[in-house]
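Dear colleague,

I am passing on to you the structure we spoke about, with some notes on what was found in it. Please look through it before reading on.

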Amino acid sequence: MLVIETISSFQVFDTIYVMTGGGPAKASYTLIYGIYERGFRFFEFGYAATWGMVLFAIVLAISLIQRRFLGRGNT
């Protein structure tokens with residue numbers, strides 16, 4: 001459950017996009033919103049793809065660390 005919640009915490013986009021659009025002075029600016037903005041607002045697709053791979057590496061590292069310390073579970 002902890003791994004799933006960690007992954008979903010990085011996927012907060014729709015609420016920020018709809019409600020604040022990054023917020024005043026980027027108060028609710030997240031990595032996901034930054035990837036969207038670079039890719040589809042400024043048309044810097046290579047930059048957005050690079051940050052997408054960085055996000056993947058971060059989530060993978062966190063998932064592996066959690067799996068190592070919490071064990072494999074009762075599956």
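Is glutamate 37 buried or exposed? In this model, which is a predicted one, glutamate 37 has a relative accessible area of 11%, and it counts as buried because that value falls under 20%. Glutamate 37 forms a salt bridge with arginine 41, and the closest N and O atoms of this pair lie 3.2 Å apart. Both residues belong to helix H3, which covers residues 31-41, and because they are four residues apart there, about one helical turn separates them. Arginine 41, for its part, is partly exposed, with a relative accessible area of 42%.

The count of salt bridges comes to two, and the other pair joins arginine 38 to glutamate 44, with the closest N and O atoms 2.8 Å apart. In this pair arginine 38 is partly exposed at 30% relative accessibility, and glutamate 44 is likewise partly exposed, with a relative accessible area of 32%.

Isoleucine 58 has its place in helix H4, and at 34% relative accessibility isoleucine 58 counts as partly exposed.

With kind regards

Terms used: Residues numbered from 1 in each chain as written. Predicted model: local features only at pLDDT ≥ 70, side-chain atom pairs only at ≥ 80, totals over all residues. Heavy atoms only, no water. Salt bridge = Lys/Arg side-chain N within 4 Å of Asp/Glu carboxyl O. Helix = DSSP H or I, 4+ residues; strand = E, 2+ residues; numbered from the N terminus. Buried < 20%, exposed > 50% of the residue type's maximum accessible area, 1.4 Å probe, protein only.
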